Amino acid sequence: MMEKLRVATNSVALKIIIVLIILSFILTGVSGYLVGGANDYAAKVNGEKISQAKLQQAFQSERARMQQQLGEQFSTLASNESYMSKLRQQTLEQLINNVLLNQYTQKLGLTVSDEQVKESIRQIPYFQTDNKFDNTKYLNLINSMGYKPDQFAQLQRQQLILQQLLQAVGSSEFILPMEMKKTAELVLQQRDVRLATIDVNALQAHQKVTNKELKNYYHQNKKDFIAPAEIKISYILMDMAEIQKKITVSEKEIESYYQQHKNNYIQPERKHFSVIQLKTEKEAQAILAELKTGADFATLAKQKSVDIISRKNGGTLGWLEVSMTLDELKQANLTEKGQLSDVIKSSVGYLIVRLNDIKPEQSRAFKEVRTELLKKVQQEKTLDAYYALQQQVSTAAANNNDSLASAEVAADLQAKQTNWFTRRTVPAELNFKPVIQAIFEGSLIGADGASSGNSDVINVEGEKAFVIRVDGYTPEKPQSFDQVSSEIRELIKRQKAENAARTQGEKILAALRQEKDIQIMKKEGLNFGKKETLSRSSYDEMLIKTIFTLAHPQKNKPVYGLSQDSKGNFVLIELLTVTAGKLAQDEEASFINKMQEASSGMNFEALMANLHQQATIKISATES
């Protein structure tokens, strides 16, 4: 597999694909992303530092993304120190992978200068006002999504590189019939089992807890029984989506925008190339001689080219603009349809290039781009209205800091009031990291718990902004033993029930495996249920994982195991038979496609494993 990756890397088609990646990044990307790091570091990758600040920024972004996705459920995870520590570790691992990928593409000679990045950003219409780059609009837009310029730039770049590398490597994969058969046998395998469940809830109901146990638990875990701070606020929500609904665009505005931005709607000249890549000049000269005597280019490309990506399509590289064309192709100096190059020496071997067709530069007609223009004008008008509203509300809130009344007038919106809530029960509409930080970590609460004024405008992802004000605050305080004794009782009973169920399950399992007493199940008041046929996609992931790791039964002798199910019960497993999976003939094509997708992922994992193996990676002691 790694040999395939090495060959694919030494490919003119792959070089073009990655050039397209970088050009795409420039045209859709964001700000200068080269920033100096602090002296401290989280990791070093081949000598390149990943700063603690960068790790913290990435970690907070991932935390905010999960919070947005999971809503109130995230508070449970956030309070689990072990889980958050693991999330931070995974974030660092991803940053290390990003550095390795950057270094890998740089080895291919695919770099972009700072000035090129800056100039391309200035030319992006979305960040322009009156045909000129508007830094404020640019910063506001990416800030509203919760990103800083360097972070968003790197994120976009890595996503595009990852996507295209997977596509490039994956496109060379093919699946042998025997490989498909063996994989289907494993993936579609079914197992016949009988199950006996030890009900933890039933055991919990019969557990006894003494007052001494309750008090000991309370004193040992007092820090877990703190009533959190409660707060209630008033807020004004400015939502770009709502503003956009009120924006109208006239035909005259669309035509005017088109006239002002005509240069952005020109399709540059494009050329359609095909290539045959060979290892030696002698081989290339022989192929060129065949082509000059009438041999078919596509046929020879499929038979002789060592470029595993382009040869599948008869050597075609597709339509390329000048900015996307490699120097090797430009050196061919092909100007006429059907023209062949001489043998070209390149960094990936020897090339023979043919110019298949040319499409001259042409302007895109107004009718062709009208829908696109309409969206752009609407977006710009919406952005202008959105940021103008923010400015008006910010000024009003600052000038009258004793209430939100003036801000309400400026926004032409009624402020909303919440009920009491804690950091773990933030209302869904306010559940954004910047808002939560402003409420619980900012300066909106005075020393006496009263409001200290209105907030500044708080931008959050999803093109929303808030101005908030505290209406009431109650600080956190310890909960008394009487307040939490019922909760503690159930916690202890649950622990006892789980321990009892585990002990009972392990006792029965040992007896079944040793065949000492086949009647032990009945003695323990348990019976295996009816035979069930399960697949890997069956209902309970935790239980299924155990069932499919059990050894195959031999000579009709069952295999026994013990697992927990998704409800926390302990389950004894009797594995009776294992049946290999089998595909129907009309399912083979779909299955092969899924295997190819999985193989692409495996190729990328192999590439990353190889990069890790060859790299020198040092993790800071604080992150170990």
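## Salt bridges, strand pairing and exposure in a predicted chain

A search of the whole structure finds 10 salt bridges, a salt bridge being a side-chain nitrogen of Lys or Arg within 4 Å of a carboxyl oxygen of Asp or Glu. The structure is a predicted model, in which local features need pLDDT of at least 70, side-chain atom pairs count only at pLDDT 80 or more, and totals for chains, interfaces and linings use all residues. Residues are numbered from 1 along each chain as its sequence is written, and side-chain values use heavy atoms, with hydrogens and water left out.

### The chain as a whole

The chain has 23 helices and 21 strands. These elements are DSSP runs numbered from the N terminus: helices are H or I with at least four residues, and strands are E with at least two. Of the 624 residues in the chain, 42% are buried. Buried means under 20% relative accessible area, exposed means over 50%, and partly exposed lies in between (1.4 Å probe, protein chains only).

The chain exposes about 35000 Å², and carbon and sulfur atoms supply 48% of that area. Accessible areas come from the Shrake-Rupley method with a 1.4 Å probe; for residues, only the protein chains shown count as cover. Among contacts with a separation of 6 or more, 74% are between residues 24 or more positions apart, where contact means heavy atoms within 4.5 Å.

Side chains of opposite charge can pair when their charged atoms come close.

| Lysine | Glutamate | N to O distance |
|---|---|---|
| Lysine 496 | Glutamate 213 | 3.0 Å |
| Lysine 245 | Glutamate 242 | 3.1 Å |
| Lysine 381 | Glutamate 253 | 3.2 Å |

Glutamate 213 forms its salt bridge with lysine 496. Glutamate 213 lies in helix 11 (residues 211–220) and lysine 496 in helix 20 (residues 481–514), so the pair ties together parts that are 283 residues apart in sequence. Glutamate 213 is partly exposed at 29% relative accessible area, and lysine 496 is partly exposed at 26%.

Lysine 381 and glutamate 253 also form a salt bridge. Here lysine 381 belongs to helix 17 (residues 366–399) and glutamate 253 to helix 13 (residues 251–260), so this pair ties together parts that are 128 residues apart in sequence. Lysine 381 is partly exposed, with a relative accessibility of 27%, and glutamate 253 is partly exposed at 31%.

The salt bridge of lysine 245 and glutamate 242 lies within one helix: the two residues are three residues apart in helix 12 (residues 240–246), and are therefore separated by about one helical turn. Lysine 245 is exposed, at 62% relative accessible area, whereas glutamate 242 is partly exposed, at 41%.

Strand 7 (residues 230–239) is mostly covered, with eight of its 10 residues buried. Strand 7 runs antiparallel to strand 16 (residues 464–474), to which 10 bridges join it; two strands pair if DSSP finds at least two bridges between them. In this pairing, serine 234 stands opposite arginine 469 of strand 16. Strand 7 is also antiparallel to strand 14 (residues 416–417), through two bridges. There, tyrosine 235 has lysine 416 as its bridge partner.

Strand 9 (residues 270–278) is likewise mostly covered, since seven of its nine residues are buried. Strand 9 pairs with strand 10 (residues 316–321) in the antiparallel sense over five bridges, and serine 274 stands opposite threonine 316 of strand 10. Strand 9 pairs with strand 12 (residues 349–359), again antiparallel, over nine bridges. In strand 12, aspartate 357 stands opposite histidine 272.

### A buried serine and a nonpolar patch

Serine 346 is found in strand 11 (residues 344–346). At 14% relative accessibility, serine 346 counts as buried. Neighbours within four places in sequence aside, serine 346 is in contact with Glu328 and Leu351.

Leu186, Val187 and Leu188 make a nonpolar surface patch of about 240 Å². Patches are made of residues with over 30% relative accessible area and no salt bridge; like charges are joined within 9 Å, and nonpolar side chains (Val, Leu, Ile, Met, Phe, Trp, Tyr) within 5 Å. Leucine 188 is placed in the loop between helix 9 (177–187) and strand 5 (190–198). Its relative accessible area is 33%, so leucine 188 is partly exposed.
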